[in-house]
Amino acid sequence: MDNQNTFSPVVTKGLKSLERVEIPQNAQIVVVGAGAFGGWASLFLQRAGYRVTLIDQWGAGNSHSSSGGETRLIRCIYGLNKFYTSLANRSYDLWQENEKIFGQQYLFTTGCLWLIDQNSDDLIEKALPVISGQGLEYVRYEPNEAYELYPLLNVDNLSHVILEKKTGYLLARESCEAVKNQFIVEGGNYIQGAVSIEKIKGELNEISLDGGRSVSGDCFVFACGPWLKEMFGDVLESKLKITRQEVFYFGLPTNNSGTFESFPSWIYHSPPDFYYGIPSGVRRGFKIAFDRRGEEIDSPSTLNRTATKNEVERARQYIGKRFNGLHGMPLIESRVCQYSDTSDGNFIFDRHPAGSNVWLLGGGSGHGFKHGPALGELLTNVFTGKVPVVEMLKI
Ligand SMILES: Cc1cc2nc3c(=O)[nH]c(=O)nc-3n(C[C@H](O)[C@H](O)[C@H](O)COP(=O)(O)OP(=O)(O)OC[C@H]3O[C@@H](n4cnc5c(N)ncnc54)[C@H](O)[C@@H]3O)c2cc1C
């Protein structure tokens, strides 16, 4: 079940809540965390006319953070969950609009091949009317048709293949830096520093930074990714699980690397096994990750980021079997990162129960990166009073 949450968060509650807020236009908003969530939220808040200060302890898209990888998938298939399909769809358009402003491409439309195992459940099948209902296109291939089109693919044990079209991959850490830079260009104030807070009781007026500094504000958004749990353990202890995840990049054959680089992103769907990858992606090699939750960690600040032998071997075996030409290719890079997993797979965007002007934004749960722009826009629409707080994202 845990694994399924990445692909289709549980629809536990309704979408609309009765809670509406309206933060005055001249308010000073402080956002802590310049990852995919905090960075985009800051940019949209700044555009809405607020005075925004964004703070990060190691910088936007740093290697400790969950947004600090090279690439992240963007896809709109989310099982029966219409909310995340439309959020991803909206994000896709916002990525495209904003990369024109940034003057550099961060979204690469490769399509995504969903490789459906013969023993798989019908989650992806059920998602197809949902994406069609939002105008999103897909193509269904029998295994032999998929092989003809993509001879790199070994179709053994697959019942069929779905090509989701409005999908691809994003440059992760580089786009975080671009969002932060654009935020500064548009008048935002960025500070590098580590924030510490006392237990929240009522209204917060000021936060402390390392070096004896402090920053005051009218409203505070904590978008601290996997650090949220250690900062707000009293509220999030049972809601968030921070897990260790490994990502691998294998070498491409010298004789046909171009064919691999033009291959779509892919997801192998065979619950509880979910492998996914990005074959091209900034010349890093063939990316593969296994989407099962790793061990729970104490702190992302002290996490051992050396890949484990067993996981490397598991990934090597999978790509060697599934992709023709990759058998025996060497591991060329690895990364260890962390998921901020919520119990139902839904993100967290809610007011702190003890802090009237303190908001928590996080719980990316292994699928949050792509949603950064639409989530930032949604947060801004909630703050300006255009839409109510989303029930499904409440703590
Ligand atoms: C291996 C892996 C693969 C993934 N694959 C995908 C994918 O393919 N597609 C997808 O959409 N999503 C994917 N995700 C999920 C996605 O990357 C995360 O959901 C997203 O990056 C979370 O962003 P965030 O801003 O919440 O957290 P983060 O990126 O961790 O940002 C939090 C920031 O807060 C800062 N911070 C924390 N505490 C403090 C403090 N006290 N003071 C100052 N600053 C502080 C940190 O330095 C950090 O920069 C993946 C995640 C992992 C780990």
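## Paired strands and the predicted model

Two strands are said to pair if DSSP finds at least two bridges between them. In this predicted model, strand 6 and strand 7 (residues 158–164) illustrate the idea: four bridges join them, and they run antiparallel. Within this pair, Tyr141 stands opposite Val161 in strand 7.

## Overall form

The protein contains 11 helices and 20 strands. Its radius of gyration is 21 Å, close to the 21 Å that the globule rule gives for 395 residues, so the protein is as compact as a globular protein of that length. The C-alpha trace spans about 60 × 45 × 40 Å along the principal axes.

Of the 395 residues, 48% are buried. Among contacts with a separation of 6 or more, 78% are accounted for by residues 24 or more positions apart.

Eight strands form an open sheet with mixed pairing, and their order is 6-7-5-15-16-17-14-18. Strand 6 (138–141) and strand 18 (331–342) stand at the edges with a single partner strand each, so one side of each is left without a neighbour in the sheet. On average, and with direction ignored, neighbouring strands of this sheet are turned by 20° against each other.

## Tyr249 within strand 14

Tyr249 has its place in strand 14. Is this residue buried or exposed? Tyr249 counts as buried because it has 23 C-beta neighbours inside 10 Å, and the cut-off for a buried residue is 20 or more.

When residues up to four places away in sequence are not counted, Tyr249 touches Arg284, Gly285, Phe286, Lys287, Ile332 and Glu333. Glu333 is 84 residues away from Tyr249 along the chain, yet their C-alpha atoms are separated by 5.1 Å.

Another open sheet is formed by three strands in the order 3-8-4, with antiparallel pairing. Its edge strands are strand 3 (71–74) and strand 4 (107–108), and each of them pairs on one side only. Two bridges join strand 4 to strand 8 (residues 168–171), and Leu107 stands opposite Leu170 in strand 8.

Helix 6 (residues 172–185) lies across strand 3 and strand 8. The angle between helix 6 and strand 8 is about 55°.

## Strand 1 and strand 2

Strand 1 (residues 28–32) is mostly covered, as four of its five residues are buried. Strand 1 pairs with strand 2 (residues 51–56) in the parallel sense, over five bridges.

## Two packed helices

Helix 3 (residues 82–102) packs against helix 11 (residues 372–383) at an angle of about 100°, and their axes are 7 Å apart. This angle makes helix 3 roughly perpendicular to helix 11.

Which residues of the two helices meet? From helix 3 come Leu87, Arg90, Ser91, Leu94, Trp95 and Asn98, and from helix 11 come Gly372, Pro373, Ala374, Leu375 and Glu377. By class, this contact has six nonpolar, three polar and two charged residues.

Terms used
Residues are numbered from 1 along each chain as its sequence is written. This is a predicted model: local features need pLDDT of at least 70, side-chain atom pairs count only at pLDDT 80 or more; totals for chains, interfaces and linings use all residues. The radius of gyration is taken over C-alpha atoms; the globule rule is 2.2 Å times the number of residues to the power 0.38. A residue is buried if 20 or more other C-beta atoms lie within 10 Å of its own, exposed if 12 or fewer, and partly exposed in between; C-beta atoms are placed from the backbone. Two residues are in contact if their C-beta atoms, placed from the backbone, lie within 7 Å. Axes are lines fitted to C-alpha atoms, for helices over the stretch in contact, and angles run from 0 to 180 degrees between N-to-C directions. Angles under 35 degrees count as roughly parallel, over 145 as roughly antiparallel, 65 to 115 as roughly perpendicular and the rest as oblique. Ala, Val, Leu, Ile, Met, Phe, Trp, Tyr, Cys and Pro count as nonpolar, Asp, Glu, Lys and Arg as charged, and the others, Gly among them, as polar.
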